[in-house]
Amino acid sequence: MYEMDKEQFGCFLQQLRKEKGYTQKELAARLFISDKAVSKWERGLSLPDPTLLIPISEILDVTVTELLKGQRLEKSQPLQMEEVERLVTGSLELSAEEAKMQTAARKTWKMAFLGSTLLTGAELLLLVLFRQTLLSIANLWMGIGMGIFFGAYFCFFAKEKLPRYYDENPISSYSDGIFRMNLAGMRFNNSNWPHILKAGRLWLLISTPLLPAVYWILSFWVPEPLADTIGFANLPLLLGMFIPMIIAAKKYE
């Protein structure tokens with residue numbers, strides 16, 4: 001199986017970028033990605049998504065074939081069928097590699113979610129055994145339910161990559177079936193979306209098992225009725241997830 005030469009591609013990309021007088025940041029801005037991604041390409045650490053090959057070729061005034069080969073081709077230089085087959089196979093390998101990495105990352109997040117949920121369940125069991133009054137607090141169950149529901153969505157069902165029109169248009173809302181998310185003043189694209197997902201996942205997986213512990217601690221200091229006095233704990237722990245998501249969206253926008 002033919003595999004793209006990452007180092008050769010990176011050197012060729014760097015050469016083309018410098019010929020055009022672009023910095024890594026300027027090239028990244030034209031592609032709606034982060035300059036860190038361009039840096040990784042040029043250092044031979046990774047390869048671009050196949051969908052970016054045409055935009056890259058147009059910006060740098062080369063053909064996709066030249067990008068795949070990592071060198072300029074003479075116009076009179078014909079390609080043999082076997083060579084074309086190898087190049088096409090190489091471009092498909094980019095998609096396969098990315099899909100494999102995404103599958104591995106998704107599996108890791110699924111395991112983390114299951115661990116967080118089991119820890120939350122163990123904490124609730126302790127509350128049943130040692131402080132049953134907490135089980136009457138509707139806010140506690142509502143908060144845990146929200147954390148598990150959104151955690152399951154982000155870890156199991158959220159798309160790892162946005163459609164290309166998010167990169168081509170200033171869109172500040174994300175829609176996927178019944179799920180809706182709007183970050184005012186921000187725009188979603190494939191540069192910041194992985195970081196938004198990571199921020200949301202981490203916050204939910206940590207805050208959900210933290211809720212029972214917070215209620216337990218507050219119950220020793222706050223007088224009855226608990227339901228009316230410590231229900232606010234849901235707000236900073238769960239609704240607060242939008243803060244790191246907004247920070248990630250702005251930083252990598």
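The lining of the second largest pocket in this predicted model comprises five nonpolar, three polar and six charged residues. The pocket is lined by 14 residues in total, and those nearest its centre are Ile33, Ser34, Asp35, Tyr252 and Glu253. Two elements, helix 2 (24-31) and helix 3 (35-42), each give two or more residues to this lining. Helix 2 makes the largest contribution, with three residues. The space in the second largest pocket comes to about 240 Å³.

Aromatic rings are the next topic. A search of the whole structure finds seven aromatic pairs. One of them joins Phe113 and Phe156, whose ring centres lie 5.5 Å apart, with 85° between the planes. An angle over 60 degrees counts as edge-to-face, and the pair of Phe113 and Phe156 is therefore placed in that class. Phe113 belongs to helix 6 (residues 81-130) and Phe156 to helix 7 (residues 138-157), so their contact ties together parts that are 43 residues apart in sequence. Phe113 and Phe156 also belong to one aromatic cluster with Phe157.

How accessible is Phe113, buried or exposed? Phe113 has a relative accessible area of 8% and is buried.

Cysteines give another view of the model. How many disulfides does a search of the whole structure find? The search finds zero. A disulfide is a covalent bond between the sulfur atoms of two cysteines. Here the cut-off is a pair of cysteine sulfur atoms within 2.5 Å. Cys11 is exposed, with a relative accessible area of 51%, whereas Cys155 is buried, at 0%.

| Residue | Relative accessible area | Class |
|---|---|---|
| Phe113 | 8% | buried |
| Cys11 | 51% | exposed |
| Cys155 | 0% | buried |

The average pLDDT of the chain is 77, and 78% of the residues score at least 70. Which helix has the lowest confidence, and which the highest? Confidence is lowest in helix 10 (residues 226-229), where the mean is 50, and highest in helix 1 (residues 6-20), at 89. Where pLDDT is low, the predicted coordinates should not be read in detail.

How values were computed. Residues are numbered from 1 along each chain as its sequence is written. This is a predicted model: local features need pLDDT of at least 70, side-chain atom pairs count only at pLDDT 80 or more; totals for chains, interfaces and linings use all residues. Side-chain values use heavy atoms; hydrogens and water are left out. Rings of Phe, Tyr and Trp (its six-membered ring) pair if their centres lie within 6.5 Å; planes under 30 degrees apart count as stacked, over 60 as edge-to-face and the rest as tilted. Helices (H or I, at least four residues) and strands (E, at least two) are DSSP runs, numbered from the N terminus. Buried means under 20% relative accessible area, exposed over 50%, partly exposed in between (1.4 Å probe, protein chains only). On a 1 Å grid over the protein atoms alone, a cavity is a set of points where a 1.4 Å probe fits but cannot get out, and a pocket is an open set with protein on both sides within 12 Å along at least five of seven lines; lining residues have an atom within 4 Å of a point. Grid points are joined across faces, edges and corners, and a volume is the space filled by probe spheres set on the points. Ala, Val, Leu, Ile, Met, Phe, Trp, Tyr, Cys and Pro count as nonpolar, Asp, Glu, Lys and Arg as charged, and the others, Gly among them, as polar. pLDDT is the predictor's confidence in each residue, from 0 to 100.
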